[in-house]
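This report walks through selected features of one model. The sequence and structure come first, and the notes follow.

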Amino acid sequence: MLTRLLHALFGVLATLAGVAAAHLVAALTVPAASPVLAVGSTVIDLTPTPVKEWAIKNFGTADKPILIGSVMLGVLVLAGIAGIVAARRITLGLLMIVGLAALAGVLAMLRPTAGPLDLLPSVVAAVVGAVALWWLHRLEEAGTGEAVSGPTRRGVLIAAGGLAVAAAAFGSAGRFVASYRLKGTDIELPKATGLEKPLPTGLEQKVPGISPFRTPTADFYRVDTRLSLPIVDAESWTLTIDGDVDKEVTLTLADLYDLEVIERDITMTCVSNDVGGPYIGAARWLGVRLTDVLDLAGIDNTSADQILSTDVDGMTISTPLGVATDGRDAMIVFGMNGEPLPRENGFPVRMVVPGLYGFVSACKWITKMTLTTYDAEQAYWTEREWATDAPIKISSRIDTPKPLSNNDPGRLFIGGVAWAQHVGIDKVEVSVDGGAWQTATLGADAGNDYWRQWYLEWDAKPGQHFLACRATNKDGELQTAARMSPFPEGSSGIQQIAVNVG
Ligand SMILES: Nc1nc2c(c(=O)[nH]1)N[C@H]1C(S)=C(S)[C@@H](COP(=O)(O)O)O[C@H]1N2
Ligand SMILES: [Mo]
């Protein structure tokens with residue numbers, strides 16, 4: 001039994017060393033081609049939409065670490081089995097390790113922008129993993145035949161320990177290299193033409209616990225399909241506009257800077273944001289008008305109905321052309337809250353379209369916009385049956401008090417945010433314990449594309465209470481109570497929370 005466990009450990013350690021060495025090589029070349037990430041990304045792409053929704057809802061932004069952890073666990077279980085098999089039949093055990101690495105290699109090569117270099121990390125994983133397992137096996141065999149004797153076992157254990165240390169060293173080196181390569185987004189940003197008004201003062205001083213009027217960049221939600229950030233060099237980055245245009249053009253960052261640079265306050269929302277959820281953020285975006293960019297290619301004669309955006313790794317996002325060019329401040333942006341876009345949010349350039357959920361507008365790490373039709377070409381989420389025309393629904397959220405929180409009796413602020421991008425918020429109402437809707441006080445108005453803070457003073461009596469809120473937009477449309485899930489076009493319904501007083 002103990003011997004068997006030891007053999008399983010050999011398989012695990014050999015595989016860990018292989019995976020860690022591969023991760024280091026990937027960090028130096030193509031981070032996304034790291035075997036565990038290649039398998040994980042494929043799992044993401046193949047996961048049925050309902051399961052994905054469930055994971056986002058229950059795990060939130062921890063969904064990625066959980067996914068990687070599960071893939072790792074699965075791999076290590078197989079590696080342990082390979083170790084046990086190897087003790088009897090070394091060739092078969094080695095084949096299992098090589099097979100695992102080969103699977104990762106195939107998946108890495110199936111990524112949209114894969115080149116020959118993407119195969120390298122998996123080859124490294126196969127070689128290091130197999131050699132390590134063979135080495136441990138040989139050390140053990142070198143002892144007294146079949147039986148594992150005292151001194152030999154000690155030697156084998158030392159070797160195993162050495163492998164564990166090597167795996168940890170490779171892994172840390174990989175992390176270090178990746179973080180080093182992900183540094184340096186400090187490009188020089190142009191200034192917006194015209195004086196942009198400063199953002200009005202928000203309610204955060206007055207109403208503790210309310211979302212800040214502008215979301216600090218570091219707290220901005222992040223939603224994408226990636227397990228590793230793309231390393232894009234701003235100097236060599238280009239944006240191509242092709243498809244059904246008068247003439248195909250390719251622009252550099254400097255070309256974008258030559259257009260009229262504008263700055264806008266826009267609240268972005270993820271379609272996966274459930275009622276009361278966290279996937280919304282408000283920022284000041286610096287960039288150029290999407291229409292100015294499209295005009296460089298000429299779209300007057302186009303018969304396209306969608307902009308199919310492609311990111312540096314071949315991920316695609318569709319945007320309805322008519323909506324994006326209807327006069328709203330759709331932008332190609334390079335700055336966020338006065339700084340270059342962070343890598344997480346699309347460095348060096350992304351799209352932002354007020355009023356549309358991010359998955360049909362906010363392509364990060366964008367490198368191409370193809371003017372085409374929904375009939376001719378489908379984007380990533382269209383293939384997964386999400387809506388293509390997805391305006392953000394009117395919604396509102398209670399930030400304070402927190403659900404199930406305990407509060408002192410007496411005067412209390414009920415406060416939160418409400419949004420109806422591109423139309424604007426006209427009214428927010430609050431209901432306590434199912435009572436009459438009371439009109440809340442609204443915070444400053446920073447434009448129709450931006451969310452509104454709100455609060456209501458409440459004389460809280462001891463006991464449990466239910467709080468609900470709803471918003472009305474500037475067209476007089478009321479936030480619907482009809483409950484809908486995020487799939488396929490965004491959640492709806494009214495948030496109700498329970499709080500304790502006393
Ligand atoms: N290239 C790329 N762009 C993307 C995504 C993605 O997975 N890949 N996710 C989209 C989704 S679903 C949303 S809600 C926004 C989120 O932007 P953020 O992470 O900056 O908040 O980016 C969009 N742009
Ligand atoms: Mo999203």
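## Cis prolines

Pro488 lies in the loop between E18 and E19. The model is predicted, and in it a cis peptide bond joins Phe487 and Pro488. Omega there is about 5°.

Another cis bond runs from Phe347 to Pro348. Its omega is near 5°. Pro348 belongs to the loop between strand E8 (339-340) and strand E9 (350-352).

One of the bridges can be named by residue: Gly463 has Val501 in E19 as its partner.

## The sheet

E18 and E19 belong to an open sheet of 5 strands. The order is E12-E19-E18-E14-E15, and the pairing is mixed. Strand E12 (406-407) and strand E15 (438-439) form the edges. Each has a single partner strand, so one side of each lacks a neighbour in the sheet.

## A positive phi

Asn337 is not a glycine, yet its phi is positive, about 55°. Where does Asn337 sit? It is found in the loop between strand E7 (331-336) and E8.

## Ligand 1: site and shell

Ligand 1 sits in the largest pocket. Around it are 20 residues. Tyr221, Asp311, Asn345, Arg350 and Lys364 come nearest. By class, the shell has 12 nonpolar, 3 polar and 5 charged residues.

## Ligand 1: polar contacts

Which atoms of Tyr221 and ligand 1 lie 2.7 Å apart? On the ligand side it is an oxygen atom, and on the Tyr221 side a polar backbone atom.

Side chains take part as well. An N or O atom in the side chain of Asp311 is 2.9 Å from a nitrogen atom of ligand 1. For Arg350, a side-chain N or O atom lies 2.7 Å from an oxygen atom of ligand 1. The protein buries 99% of the 520 Å² that ligand 1 exposes when taken alone.

Key
Residues numbered from 1 in each chain as written. Chains lettered and ligands numbered in written order. Predicted model: local features only at pLDDT ≥ 70, side-chain atom pairs only at ≥ 80, totals over all residues. Heavy atoms only, no water. Near = heavy atom within 4 Å. Polar contact = N/O pair within 3.5 Å; in protein donor to acceptor, adjacent residues only side chain to side chain. Areas by Shrake-Rupley, 256 points an atom, 1.4 Å probe, with all protein chains shown as cover. 1 Å grid on protein atoms, 1.4 Å probe; cavity = no way out; pocket = protein on both sides within 12 Å on 5 of 7 lines; lining within 4 Å. Sits in = over half its atoms within 2 Å of the grid points. Nonpolar A, V, L, I, M, F, W, Y, C, P; charged D, E, K, R; others polar. Pairing = 2+ DSSP bridges. Helix = DSSP H or I, 4+ residues; strand = E, 2+ residues; numbered from the N terminus.
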